[in-house]
Amino acid sequence: MDDPAVVSVQRFWQELGLPGLIDVHTHFMPQRVLDKVWAYFDAVEPRWHITYREEEDERLAVLRAFGVRAFTSMLYPHKPDMARWLNDWSAGFAARTPDCLHTATFFPEPGVEGYVDAALEGGARVFKAHVQVGAYDPGDALLDPVWGTLAESGTPIVIHCGSGPDPGKYTGPEPVGRVLARHPRLRLIIAHMGLPEYADFLGLAERYEGVHLDTTMAFTDFTESRWPFPRAERGRLAALGDRVLFGSDFPNIPYGYLHALDALTRIGQDEEWLRAVCYGNAARLFGIPGIPGIPGIPGIPGIPGIPGI
C-alpha cells in the first residue's frame with residue numbers, strides 16, 4: 001500500500017527495529033452499538049471528527065496495513081443485561097479475526113460471575129471495564145468475586161477509571177485503589193494514563209506491580225490542550241517504562257494514527273522506552289512472541305490466516 005499515512009506509520013516502527021505494533025486499546029463492537037457511539041461523538045460540540053469511519057473490514061485492513069500485529073476489541077455495557085451478549089459477539093469477532101486479542105467485559109449484576117467464567121473458558125485474554133460510562137462503583141460487592149477470578153487468572157483488564165473527559169461518581173483513583181487493596185495481584189491497565197489524575201495513577205502503578213497504563217490519546221495535541229501530562233512526572237513515566245502500553249482508541253480518534261505515535265516521541269523518553277511501549281510490554285503481558293535479539297522481547301512468527309503477518 002502506497003498511502004503516505006501507512007508508509008509513515010510503518011517507518012515509525014521499522015526505525016525502532018520492531019516487527020510492528022501492538023495496540024491494546026482499539027474498538028470493535030456490534031455495528032448498532034458502534035453507530036450509537038458515533039452518534040454520541042457527532043453530537044458533541046465542537047463536533048468530534050472520527051477519522052476512521054469505515055466499514056469493519058476496511059478498518060481491519062487499515063490496522064493491518066499500519067503494521068498492527070495484535071489489537072483488542074474494546075467494548076463495554078452501560079446497563080444490566082448487556083455484557084453477556086457483547087461477550088458473545090466479541091467471541092465471534094475474535095474467532096474470525098486471529099490477530100485480535102479476544103476481549104470481554106462485565107457489569108455489576110446478578111450472574112456476572114457466570115458469564116465472566118464462561119468468557120475465560122472461551123479464551124478471553126483481556127477484559128474492558130468502563131467505570132465512567134457504566135456509572136458503577138468498581139468496588140460493588142457483585143464484582144468482588146470477578147476481580148478475584150481475574151486476579152487469580154492473571155487476565156489483564158483495561159479500565160477507564162480516570163475522571164476525563166467528564167468526571168463520574170466513581171471515577172478517579174480512590175474507588176479503583178480500594179479494589180486494588182482487596183486484590184493487589186490484579187493486572188489493571190489504566191486507560192488514557194488515568195487522565196487527568198496522571199500523578200495519582202502513576203502512584204498506583206508504583207504501589208502495585210500488576211498495574212499498567214495505556215497511552216490512549218495521551219500526549220497528543222488534542223489531549224495536551226485540555227489535560228496536559230505534567231512535565232514533572234516524566235521521570236516517573238520513564239521509571240515505569242516496563243508497564244506502559246501503546247493504545248490508540250482507533251477508530252474513534254479525531255486525528256490520524258501516526259499522530260498518536262509521534263506524540264510519544266515528544267515527551268523526552270528514549271528509544272528503549274518506545275520499543276517497550278509500542279511492542280515489548282504488551283508482548284510480555286499477553287504472551288505474544290516478539291523480536292529476536294532484543295532483551296525482553298522474544299521473535300515473532302506469522303499469524304495464521306493473516307497475509308503478511
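## The model and its elements

Helices, when they run for at least four residues, and strands, when they run for at least two, are DSSP runs that take their numbers from the N terminus. Counted in this way, the secondary structure of the chain, which is shown here as a predicted model, comes to 13 helices and nine strands.

## The chain as a whole

The chain has a radius of gyration of 18 Å, which agrees with the value near 19 Å that a compact globule with 309 residues would have. Along the principal axes, the C-alpha atoms of the chain fill a box of roughly 50 × 45 × 45 Å, and 57% of the 309 residues count as buried.

Contacts between residues at least 6 apart in sequence can be sorted by their separation, and in this chain 74% of them join residues at least 24 apart. The accessible surface of the chain comes to about 12700 Å², and carbon and sulfur atoms account for 52% of that surface.

## The largest pocket

Rolling a probe the size of a water molecule over the atoms shows where empty space is left. In this model the largest pocket holds about 1000 Å³ of space, and its lining is made up of 39 residues, of which Val37, Tyr40, Phe41, Tyr76 and Val133 lie nearest the centre of the pocket.

Four elements each supply at least two residues of this lining, namely α2 (31-43), β5 (126-130), α6 (131-134) and α10 (221-224), and the largest share, six residues, comes from α2. Sorted by class, the lining of the largest pocket has 19 nonpolar residues, 11 polar residues and nine charged residues.

## Two buried loop residues

Val24 has its place in the loop between β1 (21-23) and α2, and with a relative accessible area of 1% Val24 is buried, because buried means under 20%. When neighbours within four places in sequence are left aside, Val24 is in contact with Thr72, Met74, Val158, Asp214, Leu245, Phe246, Gly247, Ala282 and Phe286.

Ser73 is found in the loop between β2 (68-72) and α4 (83-96), and a relative accessible area of 0% places Ser73 among the buried residues. Apart from residues up to four places away in sequence, Ser73 touches Thr26, Phe28, Ser90, Phe93, Cys100, Leu101 and Thr103.

## A glycine in helix α6

Gly134 is found in helix α6, one of the elements that supply at least two residues of the lining of the largest pocket. Gly134 is itself buried, with a relative accessible area of 7%. Residues up to four places away in sequence aside, Gly134 touches Pro77, His78 and Phe107. Of these residues, His78 is 56 residues away from Gly134 in sequence, whereas the C-alpha atoms of Gly134 and His78 are 4.3 Å apart in space.

## Backbone features in the loops

Most residues other than glycine have a negative phi, and most peptide bonds are trans.

Definitions and conventions: Residues are numbered from 1 along each chain as its sequence is written. This is a predicted model: local features need pLDDT of at least 70, side-chain atom pairs count only at pLDDT 80 or more; totals for chains, interfaces and linings use all residues. Side-chain values use heavy atoms; hydrogens and water are left out. On a 1 Å grid over the protein atoms alone, a cavity is a set of points where a 1.4 Å probe fits but cannot get out, and a pocket is an open set with protein on both sides within 12 Å along at least five of seven lines; lining residues have an atom within 4 Å of a point. Grid points are joined across faces, edges and corners, and a volume is the space filled by probe spheres set on the points. Ala, Val, Leu, Ile, Met, Phe, Trp, Tyr, Cys and Pro count as nonpolar, Asp, Glu, Lys and Arg as charged, and the others, Gly among them, as polar. Buried means under 20% relative accessible area, exposed over 50%, partly exposed in between (1.4 Å probe, protein chains only). Contact means heavy atoms within 4.5 Å. The radius of gyration is taken over C-alpha atoms; the globule rule is 2.2 Å times the number of residues to the power 0.38. Accessible areas come from the Shrake-Rupley method with a 1.4 Å probe; for residues, only the protein chains shown count as cover.
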